[in-house]
Amino acid sequence: MSFTIEERGRPNTQDYRVFFKNSDGKYVSPFHDVPIYANEAENIFHAVVEVPRWTNAKMEIATTDPLNPLKQDVKKGNLRYVANVFPHKGYIWNYGAIPQTWEDPNHKDSDTGCCGDNDPIDICDIGSKVCSRGEIIKVKVLGTLALIDEGETDWKVIVINTEDPQAGDFNNIDDVKRLKPGYLEATVDWFRRYKVPDGKPENQFAFNGDFKDRDFAIQTVKSTHEFWKALISKKSNAGELNCMNTSIADSPSCCSAADAAAVVNSACAFGPGEPIPTSVDKWFYYET
């Protein structure tokens with residue numbers, strides 16, 4: 001199963017969108033139509049890359065828009081770029097989400113004591129390749145970090161691209177500690193402080209900031225898949241979320257290929273991008 005992207009609007013503007021197409025050239029939702037599993041028997045998952053490593057633009061699956069294209073988050077009327085907290089530059093992994101998952105905001109997690117953040121579950125790909133925006137990769141789950149982001153549970157699942165030359169050496173979170181020393185510590189530091197330049201307090205973590213292992217992480221991903229099943233079948237209240245899809249036959253929001261094409265065709269034509277503001281390169285320094 002392969003997917004391609006179609007860009008609309010102008011990059012680095014508020015009208016920029018990244019839509020997805022399947023191997024038949026039909027438009028699909030990266031939230032609802034891309035299967036969670038690349039190989040269910042081996043617990044290999046699909047992941048949608050929203051933010052390539054070392055970039056700052058806070059691109060994300062637009063959960064409230066028809067077909068859920070990628071778009072850049074907007075805060076206080078401005079495009080959002082994640083600040084560089086020294087010594088980090090942009091995101092320090094390929095960052096994205098596992099499709100067909102949902103962190104239910106009405107479910108209080110028994111481990112964290114907080115409700116879900118209303119998004120697909122996030123991934124941090126530690127592979128050596130810098131992926132491209134909108135790339136859909138196959139990943140092995142290695143562990144997870146439980147971020148408490150402004151009072152919400154926000155799991156960060158540590159994965160590695162199965163096409164990485166070293167993927168065979170990574171099977172659990174301890175392999176990351178052993179083979180990429182410092183990476184997990186940097187990951188906790190990144191998530192703790194990345195909102196501080198915006199005037200917000202440091203983020204907190206469940207489990208004292210310790211990473212949970214592969215089995216725990218896989219179970220967490222699978223539980224969010226169950227929440228998504230309830231969402232897409234309208235057994236859970238979707239709220240503002242848009243469940244438009246082209247492949248879930250028993251979903252009330254399943255639409256025709258023509259309806260999906262009409263959504264894309266209504267978006268702005270692709271055009272030259274605006275420059276990224278030079279302020280995005282600024283480094284912020286804090287006492288640790």
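Is Phe-191 buried or exposed? Phe-191 is buried, with a relative accessible area of 1%. Keep in mind as you look around that this is a predicted model.

**Rings around Trp-93**

The structure holds 17 aromatic pairs. One of them joins Trp-93 and Trp-190 in an edge-to-face arrangement. Trp-93 sits in the loop between strand 10 (84–85) and strand 11 (94–97), while Trp-190 is part of helix 2 (residues 183–193), so their contact ties together parts that are 97 residues apart in sequence. Both Trp-93 and Trp-190 are buried.

Trp-93 also pairs with Phe-191: with the ring planes at 15°, this pair is stacked, because planes under 30 degrees apart count that way. Phe-191 lies in helix 2 and Trp-93 in the loop between strand 10 and strand 11, so this pair ties together parts that are 98 residues apart in sequence. How accessible is Trp-93? Its relative accessibility is 0%, and therefore Trp-93 counts as buried.

A pair of aromatic rings is described by the distance of the centres and the angle of the planes.

| Pair | Centre to centre | Angle between planes | Arrangement |
|---|---|---|---|
| Trp-93 and Trp-190 | 4.9 Å | 70° | edge-to-face |
| Trp-93 and Phe-191 | 4.9 Å | 15° | stacked |

**Charges over rings**

Arg-53 places its charged end over the ring of Trp-54, at 4.4 Å from the ring centre. Likewise, Lys-212 lies over the face of Phe-216, and here the distance to the ring centre is 5.2 Å.

Now turn to strand 14 (residues 152–161). How many of its ten residues are buried? Nine are, and the strand is mostly covered.

Which strand runs antiparallel to strand 14, joined by ten bridges? That partner is strand 13 (residues 136–149). Within strand 14, Trp-155 stands opposite Ala-146. Strand 13 and strand 14 form a hairpin with two residues between them. Glu-150, in the turn, has a positive phi of about 50°.

Strand 14 also pairs with strand 12 (residues 122–125), this time in the parallel sense, over four bridges. For a landmark, find Ile-158 in strand 14, which stands opposite Cys-124.

How values were computed. Residues are numbered from 1 along each chain as its sequence is written. This is a predicted model: local features need pLDDT of at least 70, side-chain atom pairs count only at pLDDT 80 or more; totals for chains, interfaces and linings use all residues. Side-chain values use heavy atoms; hydrogens and water are left out. Rings of Phe, Tyr and Trp (its six-membered ring) pair if their centres lie within 6.5 Å; planes under 30 degrees apart count as stacked, over 60 as edge-to-face and the rest as tilted. Buried means under 20% relative accessible area, exposed over 50%, partly exposed in between (1.4 Å probe, protein chains only). A charge sits over a ring if NZ of Lys or CZ of Arg is within 6 Å of the ring centre and within 35 degrees of the ring normal. Two strands pair if DSSP finds at least two bridges between them.
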